[in-house]
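Please open the model in your viewer and keep the selection tool at hand.

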Amino acid sequence: MILSVQNISKTFVDQAVLQNVSFHVEDYDRAAIVGINGAGKSTLLKIIMHELEPDEGQVTLSKDKVIGYLAQHQDVDSDRSIYDEMLHIKQNILDMEETMRQMEARMNTLSGDELTTLMERYTSLTHTFERENGYAYRSECVGVLKGLGFDEEDFQKPIHTLSGGQKTRVALGRLLLLKPDLIILDEPTNHLDMDAISWLETYLANYKGAVILVSHDRYFLDKLATRVIELEAGNATTFLGNYTDYAAKKEMLRTAQIHAYLNQQREIKHQEAVIEKLKSFNREKSIKRAESREKQLDKIDRLEKPVEIRDDMRIKLTPHIVSGNDVLSVTDFAKSYGSLSLFHDVNFEIKRGEHVAIIGKNGTGKTTLLKILNGLETSDCGEFKLGTKVEVGYYDQEHHVLNDEKTLFEEISDAYPSMDNTPIRNCLAAFLFTGDDVFKRVGDLSGGEKGRLSLAKLMLSKANFLILDEPTNHLDITSKEILETALNDYEGTVLYVSHDRYFINKTASRVLCLEGEGFTSYLGNYDDYLETIQRQSASGLLSQSDTPVSRSATAPSEGRQDWQAMKEEQAKKRKLENRLKKIEEEIEKLENRIQEIETLMSDNAVATNSVKLQELSSEHNDCSNRLETLYDEWGELAEE
């Protein structure tokens with residue numbers, strides 16, 4: 001065991017955040033701490049790091065073990081460059097290397113016993129140098145920096161000139177190079193793109209020490225976690241397995257708890273009704289029996305009502321009108337800033353009902369593309385066209401659609417002046433803003449709260465084409481799941497940018513990968529996209545970097561052909577889906593009719609009427625034969 005957390009409790013003012021929280025972490029564990037925003041995850045990490053004192057309990061780290069911690073927000077400030085900051089972590093190796101060079105210089109000036117003694121010291125030092133990976137420390141630093149998304153031209157940038165996200169990546173890189181026995185990471189993927197997250201997953205999966213993760217990235221947790229520690233209502237519960245295992249076990253446990261609670265409540269109400277009835281008889285014997293039952297009822301260990309899982313947050317996105325089948329057409333898009341070319345020769349179409357995810361590295365122009373489609377930026381060339389009756393609703397990750405000086409109530413009422421007080425409050429309550437929350441200033445909200453408010457405005461827009469820029473940023477896992485359900489039930493069209501691979505898996509029907517200054521389209525969700533590029537790579541269709549080459553960037557004419565082929569494939573798929581739907585409807589009608597015929601044939605009045613019975617029998621045979629044919633056709637189409 002490397003870490004023991006025993007009976008930790010912490011209260012702020014009158015709110016108990018943690019209550020008797022206990023768990024332990026073994027060597028090589030990958031423990032994930034999950035819970036809704038405000039559950040106490042970051043508070044627990046600060047207590048483990050002794051940055052915050054618990055009211056009760058203790059944290060014990062095994063003797064001679066080193067712990068490393070990455071907080072959500074890093075105050076990294078230095079005049080050193082990014083690369084020099086990484087090298088500084090290897091100062092002991094740098095010192096050894098310098099000593100070795102000095103020894104090598106002295107060897108040419110010594111002889112006899114002095115030389116022998118120096119050679120012995122040199123041999124011992126080189127063994128230590130080699131054991132500390134001294135011959136590869138520079139390539140190790142470069143590998144970590146590139147893995148976390150820094151290009152070589154970034155290496156010499158001074159730390160103090162970096163953005164907050166870049167500083168967090170530098171802090172993460174330093175921590176990984178330190179190689180502590182236990183790494184604690186609080187939302188490590190927040191400032192990483194998909195490639196960097198994938199690299200970090202591989203790095204941590206092969207890490208020789210133990211890892212504690214706090215993250216809302218469920219795909220990341222699925223890849224790494226060996227146990228999940230859930231914080232709920234101040235209490236901690238440990239589940240073995242990854243996030244998916246935890247979610248399944250949690251659902252089973254919650255269902256069992258609800259059933260047990262409801263069963264007990266029914267029994268209590270039954271006993272109370274019996275007691276009341278006995279007392280109403282007003283007989284001594286009956287009253288004694290009632291008192292006896294009351295004593296038994298008082299001894300029952302009453303179960304607490306299971307904690308609600310944000311059932312009050314209901315998102316219903318309903319298009320006001322239905323758009324035409326062609327929702328968006330983008331032709332020959334290009335965008336540059338000075339000498340920096342983001343993308344060019346971009347062509348794609350979106351049809352009604354599609355859920356299209358745009359993925360790609362940071363800085364490739366994904367957000368810029370959405371801004372162009374919303375008229376906030378202009379393209380250098382090319383054009384886009386919205387289809388018939390298309391109404392756009394835009395979710396901006398920077399929340400420029402919100403006015404920091406307004407209250408939440410004013411933000412909604414000013415945007416929708418025809419709405420009365422009650423529906424505005426109901427809308428805000430659906431996004432967890434209740435009571436006096438509606439009079440908070442927008443500028444005082446957290447990132448997650450601004451995200452929920454932006455979604456509330458979007459919900460009221462009645463748009464039939466949603467364009468979303470990182471909609472899951474700053475949302476906790478439960479809020480993400482509710483948004484996923486809403487989008488999957490949405491009858492309109494969705495185009496969004498996201499780094500949330502789990503979210504993409506749950507909601508996307510197509511993936512557009514922006515890479516090499518152009519787009520490549522993949523049918524399916526994120527796992528389908530991965531499977532496709534891996535299959536292409538195995539077939540030798542990709543470069544050695546195992547990344548898809550953008551056809552629209554390297555060969556515009558070939559890109560248009562591929563685009564046309566994809567349109568034809570989608571049309572074929574829609575045709576199959578429509579036929580399947582019609583077959584299913586006919587099957588349902590036939591099954592219902594067969595059931596009606598069988599009911600009629602069992603009726604005595606019909607059973608004695610040979611003519612009617614023969615008609616029904618003939619119809620029954622016809623329906624059954626047709627049903628068998630439809631079953632076969634459905635199976636063939638479904639397989640296709």
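A salt bridge here is a side-chain nitrogen of Lys or Arg within 4 Å of a carboxyl oxygen of Asp or Glu. The model is predicted, so local features need pLDDT of at least 70 and side-chain atom pairs count only at pLDDT 80 or more, while totals for chains, interfaces and linings use all residues. Residues are numbered from 1 along each chain as its sequence is written, and side-chain values use heavy atoms, with hydrogens and water left out.

Select Lys 440 and Glu 449 to begin, whose side chains meet in a salt bridge at 3.9 Å, N to O. Lys 440 is partly exposed, with a relative accessible area of 34%; buried means under 20%, exposed over 50%, and partly exposed in between (1.4 Å probe, protein chains only).

Next, select Lys 480 and Asp 500, a salt bridge in which the closest N and O atoms are 3.2 Å apart. Both Lys 480 and Asp 500 are buried.

Then go to Arg 510 and Glu 354, where a salt bridge spans 3.0 Å, N to O. Arg 510 is buried, as is Glu 354.

Finally, select strands S1 (residues 3-12) and S2 (residues 15-25), which pair in the antiparallel sense over 7 bridges. Strands are DSSP runs (E, at least two residues), numbered from the N terminus, and two of them pair if DSSP finds at least two bridges between them. Leu 3 stands opposite Val 25 in S2, and in the turn of this hairpin Val 13 has a positive phi of about 60°.

Methods:
Helix = DSSP H or I, 4+ residues; strand = E, 2+ residues; numbered from the N terminus.
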